[in-house]
Amino acid sequence: MNRIGKFTLTACVALLPAAALADGHANKLAVLETYSDIAHAGYEDSLITARTLQQAVDALVANPSTQTLKAARAAWIAARVPYQQTEVYRFGNAVVDDWEGKVNAWPLDEGLIDYVETASYGNESDENPIYTANVVANTSLKVSGSMVDASSITKTLLSEVLHEAEEVEANVATGYHAIEFLLWGQDLNGTGPGAGDRPASDFDTANCTNGNCDRRAEYLKAATDLLIDDLEEMVALWADNGPARKGLLTGNANAGLTTVLTGMGSLSYGELAGERIKLGLMLHDPEEEHDCFSDNTHYSHFYNQVGIINVYLGRYKRVDGSLVTGPSLSELVAATDAAVDAEMKERLGASRVAMQAMVDRAKSVEAYDQMISEGNDAGNAVIETVVQSLTTQTKSIERAVASLGLSQIAFEGSDSLDNPQAVFQ
C-alpha cells in the first residue's frame, strides 16, 4: 500500500450558503442524513471488499499455494480499509455497538480455533477453560459443562456455540481477527521483525502440514461466509428504510447529534487513544496490538482516524473512488462558533499527520509491535505523539458539543489514560 497523500481538512469542506447553515431542525436532520449515507456507504464497501476476500478464500481452499495465500491475505488487508472507517459509528449507536463484537472482537485466545505454539502461549485455564480447545483438531468439545458436536464446522457452531463461549470475551470464534489468525497464524516474533507465517500447506489436504487441513479450510470458509452475513445485516440497517437510519432521522435531532459526537469522542479517546494504543505502549506488549497476526495495526488505527474525519466533514471516499458528501457537522459547528470549527479541523488534521508518521515508520523502519517495544525510545515517541494528538482532538470534540448547545457527553474512557496505576495492579 502506497503512502497516503497530504491531506488538508479545510480544502475538503464545500461550504454551503450562510442561510443554509442556520441552526434549525431541518439542517440538523440534513447533517444526520449525510451521516447515515456515509454509514451505509462504508458498510456497503466493507461488504464489497469482504466478498472479494470470500472469493480469495475460496481460491485458496481450492488450490492452496503461496500465491493464493498471498492473495487472500491482501484481500483481508484491503477489506480492513473501509471497515475501520465505520468504527466511528459505535458507542453512540447501540445497534452497532451490540453487533460489532461479532465482526471485530479482539484480542482473542487463538488456541480456541487452531494449534498454537504452547511454550509462548501461556496458561489461562483458570480464566478460560477452553483457551486451547482447538476446534480445528477436535470433532467434539466440552463447552460450559456440556459436550458439543463439532464434527462439522458451521456458521451456527461458530456464532452460537463458540463465540464468547463460557462468557469469556477472549473466546473470539468469528469475524476479521479469527480470519486473520487462520490466514497468518501466530506472530511468534514478539517485538522482533516479522508477522505470522502460516504455510499454505496448512490448507492442502494432499500435502497437509500441522494436521486437519480439511477442517482448517472448513473453519476459514465458515468464518468468511459468516462475516458476509453480518455485514449484509448492517448494510440493511442503514439503508433508506433501515431501522438505524430511521431511528436517527425520526427522533430528536439533538439526540441524533449527540449520537454522532459520542461515537467520535469515544473512539478518539477511550477506545483508540486508550485501549488500542496507550495500553499496549505502557505494557510494551505486542499482544495488545489490534491486528496482531498480520502486522497491519498501523493501518487499522489510521483508518479509524479517517473515519472520525469523514463524519465531521460529511465526506467519504468510497472504494470505487466516488464521493459521498452532504451537509456536515463541521458546517453546523461553524454556524455557531467558527473558531471551534477551525480548531476542530486543525486538530483532526494534526492527528492524521501523527498517524501518517506512524504509517510511514511501519512501512520503512519497523512494524507497530516493534514501535511499542520496551527501550525503543524513537518508536515509543511516534506512538505517544499519536496518543497525545487523539487526546487533544477529543477536547475539541467536547468544545463542539458545547458549541451546539448539547448536553455534556460522557465519552468512553480507559484506565491507561484516566487511571494508569490500575493497569499494573
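## Before we start

Contact, or touching, means that heavy atoms lie within 4.5 Å. This is a predicted model, where local features need pLDDT of at least 70, side-chain atom pairs count only at pLDDT 80 or more, and totals for chains, interfaces and linings use all residues. Residues are numbered from 1 along each chain as its sequence is written, and side-chain values use heavy atoms, with hydrogens and water left out.

## The protein as a whole

Welcome to a protein with 16 helices and 4 strands. Helices (H or I, at least four residues) and strands (E, at least two) are DSSP runs, numbered from the N terminus. Along the principal axes, the C-alpha atoms fill a box of roughly 70 × 50 × 40 Å. The radius of gyration is 22 Å, which agrees with the value near 22 Å for a compact globule of 425 residues; this radius is taken over C-alpha atoms, and the globule rule is 2.2 Å times the number of residues to the power 0.38.

Of the 425 residues, 56% count as buried. Here buried means under 20% relative accessible area, exposed over 50%, and partly exposed in between (1.4 Å probe, protein chains only). Among contacts with a separation of 6 or more, 72% join residues 24 or more positions apart.

## Helix H10 and its neighbours

Helix H10 covers residues 297–313. Its 17 residues reach 25 Å from first C-alpha to last, close to the 24 Å expected at 1.5 Å a residue; the expected span is 1.5 Å times one less than the number of residues. How many of the residues of H10 are buried? The count is 17 of 17. After the helix comes glycine 314, with a positive phi near 65°.

Serine 300 is part of H10 and is buried, because its relative accessible area is 0%. Leaving aside residues up to four places away in sequence, serine 300 touches Arg80, Gln84, His290 and Asp291. Asparagine 296 sits in the loop between helix H9 (253–283) and H10, and at 4% relative accessibility it counts as buried. With the same exclusion of residues up to four places away in sequence, asparagine 296 touches Trp76, Ile77, Arg80 and Asp291.

## Helix H14

Helix H14 (residues 377–403) has 27 residues and reaches 39 Å between its first and last C-alpha, close to the expected 39 Å. Glycine 405 follows H14, and its phi is positive, near 70°.

## Around helix H5

Serine 159 belongs to helix H5 (residues 155–162). Is this serine buried or partly exposed? Serine 159 counts as partly exposed, because its relative accessibility is 31%. Its contacts, not counting residues up to four places away in sequence, are Thr174 and Leu226. Serine 159 and threonine 174 are 15 residues apart in sequence and 6.5 Å apart in space, C-alpha to C-alpha.

Glutamate 167 lies in the loop between H5 and helix H6 (176–184). With 78% relative accessibility, it counts as exposed. Its phi is near 60°, a positive value in a residue other than glycine.

Histidine 284 counts as partly exposed, at 25% relative accessibility. The peptide bond from tryptophan 106 to proline 107 is cis, with omega near -15°; proline 107 lies in the loop between helix H3 (94–104) and helix H4 (118–121).
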